[in-house]
Structure formats: structure tokens, C-alpha cells
Amino acid sequence: QVQLVESGGGLVQAGGSLRLSCAASGIFFRINDMGWYRQVPGKQRELVAVISNGGSTTYADPVKGRFTISADYGKKTVYLQMNSLNADDTAVYYCNGRFQTMLGSRDYWGQGTQVTVPS
């Protein structure tokens, strides 16, 4: 079993910045990739950014140029630096990771952290 614990959410004014962190723990052989998704009520969860074990990154169009994903896989931690935040970024942000375990590749989610940017 793998656990993901997020931190760093909160309330920030438009134009401000936040940094999210997600730490993984548990039993696994390798982190394949980790990333961030977000969800607002009534909408599907959507990809924000993902970083592979090799460091390749992918960003959703709305956050390109404003958000930066990074990882320290030695510390089993992924970060999301969010700059120039606006009201459309308000959502619950979920950490996701794909891990190589004894049962094969498995997908895990964190509990979510709220990010609120008042309009």
C-alpha cells in the first residue's frame, strides 16, 4: 500500500503564489511518475501537470507558463509551484502517483488539498 500526503493549499489573492507538496510513503520498488490533478464541484477531475521518473514534464494548457512541477524522487516528493494564480485555479488539488509494487504498476491518490483564489 502506498500513501500520498499533500500539503500547501490555502487561500491566496489573485496574482499570488502557492507551493503544493506531496510526499509518498509505503512499500514500492519505483516511482513511475507523479503528478497533480484538480477538481471543482460538478466537473471532472483534470490533469494539471505530471513529471516522469526521468524528469519529463507535461502541463495542461491553462497552467503553462504559470505552474512548475518538480520532484525529488530520493525524498519521494513532488512539488507544484503555482504563480500568477487566478480565480479559475480555485479547486481541490489531488496528488497522483504511479508506483511499481509487488502487484505490478499501481495508481494512488492523495486526499486532496483546497486552493482558493477569490475573484
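How many disulfides does a search of the whole structure find? The search finds one. This is a predicted model. The disulfide joins cysteine 22 to cysteine 95.

**The disulfide**
- The S to S distance between cysteine 22 and cysteine 95 is 2.1 Å.
- That distance falls within the 2.5 Å cut-off, which is why the pair counts as a disulfide.
- The angle about the S-S bond is -85°, and the link of cysteine 22 and cysteine 95 is left-handed.

**Burial of the cysteines**
- Are cysteine 22 and cysteine 95 buried or exposed?
- Both cysteine 22 and cysteine 95 are buried.
- Each therefore has under 20% relative accessible area.

- Four strands make up an open sheet, ordered 1-3-8-7.
- Pairing in this sheet is antiparallel.
- Strand 1 (2-7) and strand 7 (67-72) are the edge strands, and each pairs on one side only.
- On average, neighbouring strands of this sheet are turned by 15° against each other, direction ignored.
- In general, strands of a sheet pair through backbone hydrogen bonds.

**Strand 3 against strand 8**
- Strand 3 and strand 8 (residues 77-82) run antiparallel and are joined by six bridges.
- Which residue of strand 8 does cysteine 22 stand opposite?
- Valine 78 in strand 8 is the residue opposite cysteine 22.

Conventions:
Residues numbered from 1 in each chain as written. Predicted model: local features only at pLDDT ≥ 70, side-chain atom pairs only at ≥ 80, totals over all residues. Heavy atoms only, no water. Buried < 20%, exposed > 50% of the residue type's maximum accessible area, 1.4 Å probe, protein only. Pairing = 2+ DSSP bridges. Helix = DSSP H or I, 4+ residues; strand = E, 2+ residues; numbered from the N terminus. Axes fitted to C-alpha atoms, helices over the stretch in contact; angles between N-to-C directions.
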